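This note concerns the salt bridges of the model shown below.

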Amino acid sequence: MRRDYEREQLRRAYQQNEDADGALYIPAREKTDIFAEGRLFRVCAYCRVSTDNDEQLSSYELQQQHYRQLVGKHPNWDLCHIFADEGISGMSLKNRDEFNDMIERCFAGEFDLIVTKSVSRFARNLVDCVSLVRKLKSHNPPIGVFFEAENIFSLNETSTMALSFQATMAEEESRNKSRSMETSLRMRLDNGIPLTPKLLGYTHDSEGNLIVNHNEAP
């Protein structure tokens, strides 16, 4: 009888959110499971390729095909739209028209879940990545981001540290590539190698110096 009485008191306390002593009870939050079949998620996917050459554009097409197949494996995922930016760097949100449109439409309530290949596809800038994920998470209702390669779901309580680590790694990788490119360009300049494609109106002599091509010059 005593145990039944205590259970009833606890049940009432949860219903009233506080007990007779004024202590506040906060029920545990229900965890979001994107793979459970009890809830339908309106899904959008995001693709990005780093350059606009043919090889990368082929990768872009493959990414879109991959997302369609991925969403098809989850009955509770409804693929509403695939956003894609071509030839745009992930270090800045500027000029990423498709990405910015996706975020606006998420806040407008069109989607419940963003699916992307990896943290570096989403954003290589740590501040942009973490702050955007937090804003999406604090939206009512919360909007999740699933990073497939890292298996990180932003609405999980344990995702914050893992996401920060991966975003830091992605940003450092991008900076290393930038430094490598700068070094390569500097070495070309130091050796007198032009940074442009073949110039119309000029050819090179045996020592690599530019000379006027009289046929093309006019």
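1. Arg42 and Asp112 form a salt bridge, with 2.9 Å between the closest N and O atoms. A salt bridge here is a side-chain nitrogen of Lys or Arg within 4 Å of a carboxyl oxygen of Asp or Glu. The structure holds three salt bridges.

2. The model is predicted: local features need pLDDT of at least 70, and side-chain atom pairs count only at pLDDT 80 or more, whereas totals for chains, interfaces and linings use all residues. Residues are numbered from 1 along each chain as its sequence is written, and side-chain values use heavy atoms, with hydrogens and water left out.

3. Helices (H or I, at least four residues) and strands (E, at least two) are DSSP runs, numbered from the N terminus.

4. Asp112 is buried, at 10% relative accessible area, whereas Arg42 is partly exposed at 30%. Buried means under 20% relative accessible area, exposed over 50%, and partly exposed in between (1.4 Å probe, protein chains only).

5. Arg105 forms a salt bridge with Asp101 at 3.9 Å, N to O, and another with Glu110 at 2.9 Å. Through shared partners, Asp101, Arg105 and Glu110 are joined into one network. Within helix H3, Asp101 and Arg105 are four residues apart, about one helical turn.
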